[in-house]
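Please work through each task before reading its solution.

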Amino acid sequence: MSDKPKVAFYWCSSCGGCEEAVVDLAEQILDVVAAVDIVFWPVALDFKKADVEAMEDGSILAAFVNGAIRTTEQEEMAHLLRRKAKVLVAFGSCAHLGGIPALANLWDREAIFATVYRTTPSTVNPDGVMPQVATSHNGDWVTLPGFYNTVRSLDQVTSVDYYIPGCAPTPNIIAGAVQTLLSGDLPPAGTVLAPDIALCEECPRLDTKPQDLSLERFRRPHEILIDEDTCLLAQGLLCMGPATRAGCGQLCIRGNMPCTGCFGPTSKVHDQGGKYLSAIASMLSATEDVAIESALDGIPDPIGTFYRYGLAGSLLRRRTMTPVDA
Amino acid sequence: MPEPIEVPQESGAGWEPRIVAFFCNWCTYLAADLAGTSRMKYAPNARVIRVMCSGRIDPQFVMEAFAKGADGVLIGGCHFGDCHYQSGNHKALRRFMLLKRVLVGMGIEEERIRLEWISAAEADKLRDVMNDMVARLTALGPLQLEVPAEGFTEAARITELEEVTA
């Protein structure tokens, strides 16, 4: 095998979009392939876990792991890749902060299994069969990974050196991150490999953002004809720009849709949702309880809006399940 | 200053609710001062943090207090019309109402977070609010977040691992 640096890709609880993002590098992927050996990439190459186990510890330069940690298998792979790689990179929103899968932290294993295997209208399960970690069939044992109660980000399972944010990370961000890693001039561990400023600061509509925003109510994108040049917050839309890291190239804004916050917060913010909640509540013009309540009714799903990609990485991490009295 | 006394964190004999109180510099903090100089007696369960204005209280402060073990958070500010910065308390109210929706959605009971307007002269209101909140929290019991703020401890993880692979 050549002495090119080795890299590995792995996916945990994710949708496959991050794998697409790597392929989306298009011609640039040839530069990456010319510079490195890909030694493990289940979605594209036929290397097995045993191949990784056989490698020397620390022999992989960088392992890019996308997806949140939901099962015992994913946790095991995260630990394995941590051992084998010098640099472990959390790739994409799910590995970074929990991502969309972490919204399941508003429920627990029992509630999720009950919905998926019992109560959805399309489910036919008269015997009430539920997933088991081990079951015997004709004398053989069949096993499945265990399913945790809580979804975690990669750094809640093992130590992570760098983060590449985004759902999915954009080609520019990936190419920039790969160049940084190959250059050998590494930033401090724990760095998110994207600009450390809020999206608003590089927004093409920044000039139309009023100094003092004052909103009577919030609007959802389907309720109005969205002006293509005006600040989306000024139009009453819940744009996550003020509390979200820049670097995405303002793709959603340029598509005339509000930012949903996939790049996570900047380094100065601990809790993206908390910070955003603070910003938009102060923008409301209502001053009395009743008027404020009615304005807040314009946010039908506050947690799903403020923590769409970051519930696992938030200060509270999950909902505390309180028993419901029958 | 007396040494802080370690109180049991689990419910049961000897447990006392822990409250983090954010008081504005111009009204509620002065009310607490007045309560002290007037030698009023009230529940000693709050750790008071002085902020310049209730509008300075970032929702992250409240979340962090809960994540680090507070059983309740009390926010005290000036009455409407009295804000030293004119509208800080109005902002505080809006943030508080939205924050409460989020916290309730995260399984934290409504009684655990409270906003009160207490002027510099209302030491008796401060005493009553504090006593009332402690009584409610005592009835509610400790807040037991399912995930500790410092992340999953190794022991908790292994227990869960054994549970799901049993």
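**Exercise 1.** Determine which residues of helix 9 of chain A meet helix 3 of chain B, and classify the packing.

*Solution.* Gly273(A), Leu277(A), Ser278(A), Ala281(A) and Ser282(A) meet Lys91(B), Arg94(B), Arg95(B), Leu98(B), Leu99(B) and Val102(B); contact requires C-beta atoms, placed from the backbone, within 7 Å.

Next, the angle between helix 9 (residues 272-283) of chain A and helix 3 (residues 88-105) of chain B is about 135°, with axes 8 Å apart. Helices are DSSP runs (H or I, at least four residues) and strands likewise (E, at least two), numbered from the N terminus. Axes are lines fitted to C-alpha atoms, for helices over the stretch in contact, and angles run from 0 to 180 degrees between N-to-C directions.

The model is predicted: local features need pLDDT of at least 70, side-chain atom pairs count only at pLDDT 80 or more, and totals for chains, interfaces and linings use all residues. Residues are numbered from 1 along each chain as its sequence is written, while chains are lettered from A and ligands numbered from 1 in the order in which they are written.

**Exercise 2.** State how many residues each chain gives to the contact.

*Solution.* Chain A gives 33 residues and chain B 30 residues. Helix 9 of chain A supplies the largest share of its side, 7 residues.

Note on methods
Contact = placed C-beta atoms within 7 Å.
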